[in-house]
Amino acid sequence: MYILSNENPKIVFTGKETFVDHEKNNRSGHLGHAMVECNDGSIIAFYSNCAGECGRLSGIAGHSMFGWVEYKRSYDRGLTWGEPKILEYTHEAFLQGVFRVGCEKAVCCDDGTIVVFCLRSLGQYFEPYDTPVCVLSHDYGETWSEPISVSDERGRMYDAIYREGRIYLLEFCYSTEKGFICAEEGKFYKIFASDDNGQSFYEYTTIPFNTIGHAYGNMICRPDGSLVFYGYNEKDEYNLTALISPDGGKTWGEPFKMPVAKIARNPQVGYANGMYILQGRSENGVNFAVYYSKDGINWDQGTIVNNGRIGGCYYSNNMTVKGADGKERLLMQYSESYAYAKTNIIHAWIEID
């Protein structure tokens with residue numbers, strides 16, 4: 001347990017446990033931590049099940065997408081979980097040898113449709129990316145549709161929000177043909193939207209700033225309707241690149257630097273009980289840092305809640321969960337090394353009193 005704040009409210013990192021034990025089978029799972037609450041009250045959490053002997057870089061076994069996606073369901077607000085199921089589209093793609101697929105975000109629509117967004121890699125391990133797709137379920141994850149095109153631009157989807165009948169999907173439209181960190185002019189983070197519960201998508205807005213040196217991204221819709229974008233800049237790791245839209249993404253203010261004292265690679269922002277939580281990989285990519293804020297803009301100095309091994313840990317996601325007592329808390333899911341770049345999947349909680 002780590003106390004992030006003793007002030008009002010008190011914020012505690014607690015309840016860490018192994019959600020998926022990949023070590024027992026010499027498997028691994030880095031990205032692909034989509035989570036979603038269904039209309040029947042259950043929660044579905046996705047994760048990657050990948051080979052432990054393949055690696056993105058020479059000698060870094062386990063850091064890859066060489067595998068498929070599985071998921072588990074909880075009927076008691078994330079306290080216990082059922083047996084794993086395979087997301088068949090991702091397994092079929094792996095067997096066909098064309099794409100390696102990861103699922104980083106998912107939403108539930110008002111009519112109960114679950115929409116899971118799929119990154120498709122053309123490489124053996126991670127990059128380069130193809131165009132993204134989604135799969136739908138109308139029975140809370142029992143069966144899934146054929147893949148549906150989300151965008152005709154190659155890239156990676158970093159976040160998805162469902163609000164007032166519309167899906168907002170954040171994609172960095174950069175194929176990574178020239179490396180993971182953006183090295184091409186004229187590549188942008190864009191938001192694609194769907195007004196028919198994931199059946200079709202259209203380009204909604206472009207987030208206007210120079211993306212050279214950037215990768216990763218996240219966004220959050222604040223209670224006043226404003227949308228905040230957060231981008232990671234390899235050239236300025238102690239500051240995220242941030243932009244604010246006062247009208248839900250239609251127009252954007254100027255980009256500005258948002259200090260993060262312990263770095264936040266692959267930033268993930270959540271909101272619960274009136275507080276914002278930011279989590280991300282820290283210095284050297286081997287530590288996991290958690291920050292808190294009252295406005296989603298100005299963050300504390302951060303707390304290191306896990307110390308890992310070099311090789312790339314702490315790809316993550318979070319989701320607000322309301323308990324039986326009506327109190328909100330944040331469920332965090334992330335990858336943690338058990339042997340260099342081979343990772344298990346961990347669950348932990350942020351309690352806000």
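**Reading cavities, contacts and cysteines**

Me: How many cavities of 30 Å³ or more does the structure hold?

Reply: The structure, which is a predicted model, holds 4 cavities of 30 Å³ or more. In the largest cavity there is about 60 Å³ of space.

Me: Which residues line the largest cavity, and which strands supply at least two residues of that lining?

Reply: The lining of the largest cavity is made up of Leu-31, Gly-32, His-33, Glu-104, Lys-105, Tyr-158, Asn-266, Gln-268, Tyr-315 and Ser-316. At least two residues each come from strand 8 (100-108) and from strand 20 (265-272). Sorted by class, this lining has 3 nonpolar, 5 polar and 2 charged residues.

Me: What is the volume of the largest pocket, and which lining residues lie nearest its centre?

Reply: A cavity is a space that the probe cannot get out of, whereas a pocket is open. The largest pocket here has a volume of about 1,000 Å³. Its lining counts 34 residues, and those nearest the centre are Ala-160, Ile-161, Tyr-162, Met-319 and Thr-320.

Me: Which strand gives the largest share of the lining of that pocket?

Reply: Strand 24 does, with 6 residues of the lining of the largest pocket. Several strands each supply at least two residues, among them strand 4 (35-37), strand 12 (156-163), strand 16 (214-221), strand 24 (316-322) and strand 25 (328-339). By class, the lining of this pocket divides into 18 nonpolar, 7 polar and 9 charged residues.

Me: Is Lys-342 buried or exposed?

Reply: A residue is called buried when its relative accessible area is under 20%. Lys-342, which is found in strand 26 (residues 342-352), counts as buried because its relative accessibility is 15%.

Me: With which side chain does the side chain of Lys-342 make a polar contact?

Reply: The partner is the side chain of Glu-53, at 3.0 Å. If residues up to four places away in sequence are set aside, Lys-342 touches several others besides Glu-53, including Asn-26, Arg-27, Ser-28 and Glu-336.

Me: Where does Gly-165 lie, and how many residues separate Gly-165 from Asp-110 in sequence?

Reply: Gly-165 lies in the loop between strand 12 and strand 13 (166-172), and with a relative accessible area of 24% it is partly exposed. Gly-165 and Asp-110 are 55 residues apart in sequence, while their C-alpha atoms are 6.8 Å apart in space. Beyond its neighbours within four places in sequence, Gly-165 is in contact with Asp-110, Ser-194 and Asp-195.

Me: Where is Pro-132 found, and what distance separates its C-alpha atom from that of Phe-209?

Reply: Pro-132 is found in the loop between strand 9 (114-121) and strand 10 (133-137), and at 1% relative accessibility it counts as buried. Pro-132 and Phe-209 are 77 residues apart along the chain, and their C-alpha atoms are separated by 22 Å. Leaving out residues up to four places away in sequence, Pro-132 touches residues including Cys-118, Ser-149, Met-157 and Glu-171.

Notes:
Residues numbered from 1 in each chain as written. Predicted model: local features only at pLDDT ≥ 70, side-chain atom pairs only at ≥ 80, totals over all residues. Heavy atoms only, no water. 1 Å grid on protein atoms, 1.4 Å probe; cavity = no way out; pocket = protein on both sides within 12 Å on 5 of 7 lines; lining within 4 Å. Points joined across faces, edges and corners; volume = space filled by probe spheres on them. Helix = DSSP H or I, 4+ residues; strand = E, 2+ residues; numbered from the N terminus. Nonpolar A, V, L, I, M, F, W, Y, C, P; charged D, E, K, R; others polar. Buried < 20%, exposed > 50% of the residue type's maximum accessible area, 1.4 Å probe, protein only. Polar contact = N/O pair within 3.5 Å; in protein donor to acceptor, adjacent residues only side chain to side chain. Contact = heavy atoms within 4.5 Å.
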